[in-house]
Amino acid sequence: MSAEDLTNITAIAQALDAKKAENIVVLDLRNQSSYLTYFVIATALSKAHLKTLFDEMHKTAVELGIERPRPQSPQFESGWVTYDFGFFVIHLFENEKRKFYNLEGVWKNAAHVPMGATTSSTNLNPRKGDSESV
């Protein structure tokens, strides 16, 4: 895992935050898994919000030049979608699904990566391509 990968994860977390994802958590899995390095977990407010967050992740990945290792086939109606970057995976849940699957509990020995002020919902400046209306 390079510093660039963690920079990309931070950028994705910020993009999710900018689209009002809730309870964004980054888990360091390097001491827990032989092939995964990080999980990013976030909560969407609805199925429509889930799609918005997924689309924002894709847009951010394209802007950063991150290659996806496999085609993505999100099933938004399930209330849980993933975006697989190979060594790290983004999990987006509706609240009830997040509670039910409890990935933080499953990976309870994983360290939480502090994102600090990077995911504080305080960046109100629109990004390239975002709607500028309030």
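**Overview of the chain**

The protein chain contains 4 helices and 5 strands, where helices (H or I, at least four residues) and strands (E, at least two) are DSSP runs numbered from the N terminus. This is a predicted model, in which local features need pLDDT of at least 70, side-chain atom pairs count only at pLDDT 80 or more, and totals for chains, interfaces and linings use all residues. Residues are numbered from 1 along each chain as its sequence is written, and side-chain values use heavy atoms, with hydrogens and water left out.

Q: In what order do the elements of the protein chain run from the N terminus on?
A: The order is α-β-β-α-β-β-α-α-β.

**Confidence**

Q: What is the average pLDDT of the protein chain?
A: The average is 83, and 81% of the residues score at least 70; pLDDT is the predictor's confidence in each residue, from 0 to 100. Over residues 117–134 the pLDDT is below 50, although this stretch has 24 contacts in the model beyond near neighbours in sequence. Contact means heavy atoms within 4.5 Å. Where pLDDT is low, the predicted coordinates should not be read in detail.

**Salt bridges**

Q: What makes Asp 55 and Lys 51 a salt bridge?
A: A salt bridge is a side-chain nitrogen of Lys or Arg within 4 Å of a carboxyl oxygen of Asp or Glu. The closest N and O atoms of Asp 55 and Lys 51 are 2.8 Å apart, so the pair meets the rule. By this rule the count comes to 5 salt bridges.

Q: Where do Asp 55 and Lys 51 lie?
A: Both belong to helix H2 (residues 47–64), where 4 residues, about one turn of the helix, lie between their positions.

Q: Why is Asp 55 called partly exposed?
A: Buried means under 20% relative accessible area, exposed over 50%, and partly exposed in between (1.4 Å probe, protein chains only). Asp 55 has 37% relative accessibility and therefore counts as partly exposed. Lys 51, at 39%, counts as partly exposed too.

Q: How do you know that Lys 99 and Glu 96 are separated by about one helical turn?
A: The two residues are 3 apart in helix H3 (residues 95–101), which means about one helical turn. Lys 99 and Glu 96 are both exposed.

Q: Why is Arg 98 called buried?
A: Its relative accessibility is 6%, so Arg 98 counts as buried. The side chain of Arg 98 meets that of Glu 104 in a salt bridge (2.3 Å, N to O).

**The sheet**

Q: What is the order of the strands in the open sheet?
A: The 5 strands of the open sheet have the order S3-S4-S2-S1-S5, with mixed pairing. Strand S3 (80–84) and strand S5 (111–112) are the edge strands, as each pairs on one side only. Two strands pair if DSSP finds at least two bridges between them.

Q: Why is His 91 called buried?
A: His 91 has a relative accessible area of 6%, and so it is buried. His 91 is found in strand S4 (residues 88–94). Apart from neighbours within four places in sequence, its contacts include Phe 39, Ile 41, Trp 80 and Leu 103.

**Helix H1**

Q: How do you know that the span of helix H1 is close to the expected one?
A: Helix H1 (residues 3–18) has 16 residues and reaches 22 Å from its first C-alpha to its last, close to the 22 Å expected. The expected span is 1.5 Å times one less than the number of residues.

Q: Against which elements do the buried residues of H1 pack?
A: They pack against S1, S2, H2 and S4. Among the buried residues of H1 are Ile 9, Ile 12 and Leu 16.

Q: Why is Leu 6 called partly exposed?
A: Leu 6, in helix H1, has 28% relative accessibility and so counts as partly exposed.
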